[in-house]
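Grab a pencil and work through a few exercises with me. Have a go at each task before you read its solution.

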Amino acid sequence: MSARRSLVWLGLTPEPEQELPAAVAALRSPAALRSPAAGRPPSALVAAERHRVERLVLRGTQRGWLRYLREVTDLVVRAAGSRTTDPKAALLAGEVVLDHHRMLIGLPGAGYDRTALQRHELERALARLRERPEPALVGPSEPWSAI
């Protein structure tokens with residue numbers, strides 16, 4: 001192997017770079033900081049997460065990228081165990097990371113084997129998140145006079 005770093009990991013899929021910043025920012029931000037409209041995280045947190053991902057992709061290594069995805073896995077697992085976390089961001093982040101980790105099987109090296117535990121954790125967390133009942137929506141058509 002040459003002294004140059006391997007870049008083969010960058011060719012997997014663009015979804016993590018596109019989808020993870022907003023989802024991870026939502027998982028990292030306390031509910032009190034989220035926008036009342038749609039529960040979005042502050043744009044500054046999304047921008048910071050996007051910058052972190054960009055830096056990892058442009059200047060990082062596969063090992064550093066997998067460490068970041070380990071952090072995302074931990075956030076998803078934590079969200080699956082919490083009843084107060086909106087599951088949408090966790091579902092999106094978990095599905096993106098799980099898909100990424102499954103594709104590692106086609107790359108040289110030990111990335112696929114090193115992420116086996118994360119794949120298992122993500123599968124369990126996603127199942128728990130999907131089992132959650134939808135929150136009850138109260139809209140203008142509710143018969144408020146009955147309350």
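**Exercise 1: a pair within one helix**

Task: work out how D74 and R70 sit relative to each other in helix α3.

Solution. Start with the spacing: D74 and R70 are 4 residues apart in helix α3, so about one helical turn separates them. (Helices are DSSP runs of H or I with at least four residues, strands are runs of E with at least two, and both are numbered from the N terminus.) Next, check the side chains: D74 and R70 form a salt bridge, with the closest N and O atoms 2.6 Å apart. That term needs a side-chain nitrogen of Lys or Arg within 4 Å of a carboxyl oxygen of Asp or Glu. Last, look at accessibility: D74 is partly exposed at 32% relative accessible area, and R70 is partly exposed too, at 24%. (Buried is under 20%, exposed is over 50% and partly exposed is in between, using a 1.4 Å probe and protein chains only.)

A quick note on the model: it's predicted, so local features need pLDDT of at least 70 and side-chain atom pairs count only at pLDDT 80 or more, while totals for chains, interfaces and linings use all residues. Residues are numbered from 1 along each chain as its sequence is written, and side-chain values use heavy atoms, leaving out hydrogens and water.

**Exercise 2: two helices side by side**

Task: describe how α2 and α3 cross.

Solution. The axes of α2 (residues 43-59) and α3 (residues 62-80) come within 9 Å and cross at roughly 150 degrees. (Axes are lines fitted to C-alpha atoms, for helices over the stretch in contact, and angles run from 0 to 180 degrees between N-to-C directions.) The two helices are therefore roughly antiparallel, a label for angles over 145 degrees; under 35 is roughly parallel, 65 to 115 roughly perpendicular, and the rest oblique.
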